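Here is a short tour of one protein model. Look at the sequence and the structure first, then read on.

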Amino acid sequence: MEKYKLYVGSNNETKILELELIKGVLNTFFEGYSLSIISGVWKGLSEQTAIIEILSENIDDKIKIVASQLKELLHQEAILISKEPIISAEFI
């Protein structure tokens, strides 16, 4: 199992972090995820940033599709994807 993280900044045109749009895209691909809001910096400019965490296996292609859609919809230059191995995780 892996933990995938997407770092999604504010819309480059409106300068607003469009959470409903982000959730709408995520909800079409995933049953569950965590979303946190932080202050990020890109090329020296501060912006609200959403960190999305998803635990799953073998979803590299799906994550890239989601990131590409969000990048286009939010007029982003880039969206960061990170992936970490998870040794153990279970729902209780």
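This is a predicted model: local features need pLDDT of at least 70, side-chain atom pairs count only at pLDDT 80 or more; totals for chains, interfaces and linings use all residues.

Start with helix H2, which covers residues 60-73. Its 14 residues should span 20 Å at 1.5 Å a residue.

Which residues of H2 are buried? They are Ile-63, Val-66, Ala-67 and Leu-70. Viewed down the axis of H2, the buried residues fall within an arc of 100 degrees, so they line one face of the helix. The face turned away from that buried side carries exposed residues: Asp-61, Lys-64 and Glu-72.

Next come two strands. E2 (34-42) and E3 (residues 45-56) pair in the antiparallel sense. Nine bridges join E2 and E3. Together E2 and E3 form a hairpin, with two residues between them. Lys-43 sits in the turn and has a positive phi of about 55 degrees. Across the pairing, Val-41 stands opposite Ser-46 in E3.

| Largest pocket | About 350 Å³ | 16 residues | nine nonpolar, three polar, four charged residues |

Take the largest pocket, with about 350 Å³ of space. Among its 16 lining residues, Gly-32, Ile-54, Leu-55, Ser-56 and Phe-91 are the closest to its centre. Which strand gives the largest share of this pocket's lining? E3 does, with four residues. By class, nine residues of the lining are nonpolar, and four are charged.

Three strands each supply at least two residues of its lining: E1 (2-9), E2 and E3. The largest share comes from E2, which gives four residues.

The hairpin strands and the pockets can now be put together. E3 pairs with E2. E3 supplies four residues to the lining of the largest pocket. E2 and E3 each supply at least two residues to the lining of the second largest pocket.

Technical notes: Residues are numbered from 1 along each chain as its sequence is written. Side-chain values use heavy atoms; hydrogens and water are left out. On a 1 Å grid over the protein atoms alone, a cavity is a set of points where a 1.4 Å probe fits but cannot get out, and a pocket is an open set with protein on both sides within 12 Å along at least five of seven lines; lining residues have an atom within 4 Å of a point. Grid points are joined across faces, edges and corners, and a volume is the space filled by probe spheres set on the points. Ala, Val, Leu, Ile, Met, Phe, Trp, Tyr, Cys and Pro count as nonpolar, Asp, Glu, Lys and Arg as charged, and the others, Gly among them, as polar. Two strands pair if DSSP finds at least two bridges between them. The expected span of a helix is 1.5 Å times one less than its number of residues. Buried means under 20% relative accessible area, exposed over 50%, partly exposed in between (1.4 Å probe, protein chains only). The arc is that of the directions from the helix axis to the C-beta atoms.
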